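Hi,

My notes on what turned up in it follow below.

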Amino acid sequence: YKYRLRTPAKAVASFAYIFGTRGCINVDAELVNYKGAHLKTTKDPGYTPYDYEVENKEAEEQLRTVVNLRVGGELGFNSQYLIRGGFALYPAAYNQQINPAKGTQVFFFFLGFKLKNMTFDLALKVSHRNYNYYAFDNSLTTVKSFKNGEIDNFALNF
């Protein structure tokens, strides 16, 4: 099939507070209406039109609106050292009565060091994910994924 897709609507609110030249705190809240995703038939005359009513109704019943939350902060010392940390919470998009998945939690920590013409950045990200996986109809497997101590990013800048 060839189809058109309307993606979920999103609204984002951000708050940031800056402590002079020493650091900052940032909070982002993102409202995502996954129920609003919608398939439509193509306008391409080379394809037979298809009514996605059943698929759209099923998605609307299974999905929900969630609030993704991200909180982070940064603190600088002696204009050479930088520490950054944060947390993100991404709830599962599924209706909890149908699929009681908990979503994903992410913690991160960042260290930075600056020399005259060079900076070193090292980031550590720990993510915890709990969700249900359906391999086929009437099957349910709970998957718990925990990544600990993963080096997510290493950068050397000149």
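Arginine 84 puts its charged end over the ring of phenylalanine 110, 4.2 Å from the ring centre. (A charge sits over a ring if NZ of Lys or CZ of Arg is within 6 Å of the ring centre and within 35 degrees of the ring normal.)

Before you read on, two housekeeping points. This is a predicted model, so local features need pLDDT of at least 70 and side-chain atom pairs count only at pLDDT 80 or more, while totals for chains, interfaces and linings use all residues. Residues are numbered from 1 along each chain as its sequence is written, and side-chain values use heavy atoms, with hydrogens and water left out.

Now the overall layout. The chain has one helix and nine strands, and from the N terminus on they run β-β-β-β-α-β-β-β-β-β. (Helices are DSSP runs of H or I with at least four residues, strands are runs of E with at least two, and both are numbered from the N terminus.) Of the 158 residues, 19% count as buried. (Buried means under 20% relative accessible area, exposed over 50%, and partly exposed in between, with a 1.4 Å probe and protein chains only.) Among contacts between residues at least 6 apart in sequence, 53% join residues at least 24 apart; contact here means heavy atoms within 4.5 Å.

Next, the aromatics. There are five aromatic pairs in the structure. (Rings of Phe, Tyr and Trp, the latter by its six-membered ring, pair if their centres lie within 6.5 Å; planes under 30 degrees apart count as stacked, over 60 as edge-to-face and the rest as tilted.) Tyrosine 3 and tyrosine 52 make an edge-to-face pair, because their planes stand at 70°, with the ring centres 6.3 Å apart. That pair links distant parts of the chain, 49 residues apart: tyrosine 3 belongs to strand 1 (residues 3-6), and tyrosine 52 to the loop between strand 4 (38-41) and helix 1 (53-62). Tyrosine 3 is partly exposed at 48% relative accessibility, whereas tyrosine 52 is buried at 6%.

Another pair is phenylalanine 87 with phenylalanine 107, which is tilted, at 4.9 Å centre to centre and 50° between the planes. Here too distant parts of the chain are linked, 20 residues apart, with phenylalanine 87 in strand 6 (residues 81-90) and phenylalanine 107 in strand 7 (residues 103-114). Phenylalanine 87 has a relative accessible area of 24%, so it counts as partly exposed; phenylalanine 107 is partly exposed as well, at 42%. Back with the tyrosines, Tyr3, Tyr50 and Tyr52 form one aromatic cluster.

Tyr3 also turns up around threonine 42. This threonine is in the loop between strand 4 and helix 1, and it counts as buried because its relative accessibility is 11%. Not counting residues up to four places away in sequence, threonine 42 touches Lys2, Tyr3, Arg4 and Tyr47. A polar atom of the threonine 42 side chain lies 3.0 Å from the backbone nitrogen of aspartate 44. (A polar contact is a pair of N or O atoms within 3.5 Å; within protein, one must be able to donate a hydrogen and the other to accept it, and residues adjacent in sequence count only if both atoms are side-chain atoms.)

Leaving aside neighbours within four places in sequence, arginine 64 is in contact with residues including Val32, Tyr34, Pro91, Ala92 and Tyr94. Its side chain reaches the backbone oxygen of tyrosine 94 at 3.0 Å. The C-alpha atoms of arginine 64 and alanine 92 are 8.7 Å apart, although 28 residues separate the two along the chain.

Leaving out residues up to four places away in sequence, lysine 114 touches Ser79, Gln80 and Thr119. Its C-alpha atom is 4.9 Å from that of glutamine 80, 34 residues away along the chain.

Cheers
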